[in-house]
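Hi,

Here is the structure I said I would pass on. Have a look, and my notes on what turned up are below.

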2 protein chains.
Amino acid sequence: MERVVIALGGNALLQKGDQDTAEAAWRSARRAAEIVADIAAERYEVVVTHGNGPQVGRILLQNELASAVVSPMPLDVCGAESQGQIGYMLQTAMGDVFYERGMDRPVATVLTLTRVPVDDPAFQDPTKPIGPYYSEAEAERYRRERGYRVAPAPGDAGWRRVVPSPRPYSIVEAPVIRRLVADGVIVISAGGGGVPVVEEGPRLVGVEAVVDKDLCAAILAKDVEADGLLILTDVEGVYESFGTHDQRLLGRLTTEEGRRRLDAGEFGSGSMGPKIEAAVQFVEGGGKRAIIAALRDGARALAGHAGTLISL
Amino acid sequence: MERVVIALGGNALLQKGDQDTAEAAWRSARRAAEIVADIAAERYEVVVTHGNGPQVGRILLQNELASAVVSPMPLDVCGAESQGQIGYMLQTAMGDVFYERGMDRPVATVLTLTRVPVDDPAFQDPTKPIGPYYSEAEAERYRRERGYRVAPAPGDAGWRRVVPSPRPYSIVEAPVIRRLVADGVIVISAGGGGVPVVEEGPRLVGVEAVVDKDLCAAILAKDVEADGLLILTDVEGVYESFGTHDQRLLGRLTTEEGRRRLDAGEFGSGSMGPKIEAAVQFVEGGGKRAIIAALRDGARALAGHAGTLISL
């Protein structure tokens, strides 16, 4: 049976106009669950991973607003909370859809830690904005009192805390996830890129950082020996000249061409760049194929009928 | 290899005088991890479960205090978050201790749902207080606006939301947990009694309720086919005439005597009652033995040198 890691982007999970409520989150989980069920029905072994941007943002904001009464938890702990929150919703929604379709596939959420290099240069130069927006005075105060690194947000929107985004290199729970997926369990794992940990001698120590969800998905796919990596987002695939009149969906992209275009900065550093990098990295590392596609096209993309295929 | 479920009480995890900070939570996790390592070193297969009272209380309070800005999540979602938070800390602390002792035992946290009967009488009569204290006026407002059931707290401490505490009857993830523990993985699961779900036809629906952590541990122990259930708390075991000059630690308690004393109301409905009930229920249901002991005596209690043994 072919084994596939499905990476659900924050943009795929939450859609424009979605409200910030539990009901909206359940609807998003349901949408994602339908797609995972489509794929699982084709008899793939499936590991699901997902972003956590909006969810951990809400948790951080709650921590901030309640901080006079409840000591705030650090980012690594909040990330673990978000894995619990999103995993619960996704797995329950999947259970619903599987039952409705008469599918008998167990689902489990495994809390996941992701190893990052302790000497990653990102630790010297934190650039990933997280959590609430502050005034300049508040930002300065948190810098002093809590040791936050802060930076102005684009467009005069205020200031935000910035944290490092180091490159992941392995998934602590990979042996456990591999075991379960080989037994037919659909495993939800490495949510939000996993909780980043560094090795201090033999110890694993959680750090206040954010692992890119797509790069983490590539490492997860390698570590669980997946054949395929399916990155689902809110656009149809990789476009040439995206956003211009000449934009053209690429049905196929070799790793070589992907690297070349990445190096040329064609995809920007925002959303599509890391996805292509993750896809290229997975295939260069021995993965059979990676696909970038729209959430709704998930099963069709795996069958070769939608999205952009990245291969050697 | 003998298989044991270890239930860590909230009172065992957090000690008096512990502060409400991440640092204190890490110290508590470390204390618990040492005990689990003592037991794992004796070559038991281990499933760890734990309370979540203080942790989910903090999350609920954060949700409340931030509610003007961030829509609060319902109790079931907050419970899932607390499983992520505590599981992360426990598993990281265990990893540390295992490495320091040269033990090679993987640890994983599995998000857990617990089935409760949709017609449990507790749903008609919610009595379990959760979350922040309110003034009478606030309580009345939340009753009206959010449909909360509320009740005055003892000792004029204010009002609190009350939720049902239905009796658990099975663990949704038991097959997954069983598989992992049989492979030597130490599994953290069913934190805070698991997220309670009811069956609506084929669907599992999360409910705003609290499952007693010890009763859940008994079901978990049965469902994962454990030989033993070890309930760790902050007292040495089951006492006769507890709190009087004549108090006497019981080294052994038969299920029959346990039932009799429970029916006579000897242990109160607070903390020890549910522990004894869980122990008796596990052994009556076919479990070999249950032990109630102090956290620090964990390994000695399993070896028969501390705590109260509950058996046929």
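In this predicted model, 8 residues of domain 1 of chain A are in contact with 9 residues of domain 2 of chain A (contact means heavy atoms within 4.5 Å). The assignment puts 3–118 + 166–311 in domain 1 and 126–163 in domain 2; such bounds come from an automatic or database domain assignment. Taken over C-alpha atoms, the two centres are 27 Å apart.

About 680 Å² is buried between the two domains, with carbon and sulfur atoms giving 63% of that (buried area being the accessible area, 1.4 Å probe, that two parts lose on being put together, summed over both).

There are 2 salt bridges between the domains (a side-chain nitrogen of Lys or Arg within 4 Å of a carboxyl oxygen of Asp or Glu). Separately, E208(A) and R161(A) pair up in a salt bridge at 3.2 Å, N to O.

On the domain 1 side that touches domain 2, helix α3 (residues 53–65) of chain A gives the most, with 3 residues (helices are DSSP runs of H or I, at least four residues, numbered from the N terminus).

As for confidence, chain A has a mean pLDDT of 94, and 97% of its residues reach 70 or more (pLDDT is the predictor's confidence in each residue, from 0 to 100). The model scores ipTM 0.95 and pTM 0.96.

Housekeeping: residues are numbered from 1 along each chain as its sequence is written, and chains are lettered from A and ligands numbered from 1 in the order written. Local features need pLDDT of at least 70, side-chain atom pairs count only at pLDDT 80 or more, totals for chains, interfaces and linings use all residues, and side-chain values use heavy atoms, leaving out hydrogens and water.

Cheers

Note on methods
Helix = DSSP H or I, 4+ residues; strand = E, 2+ residues; numbered from the N terminus.
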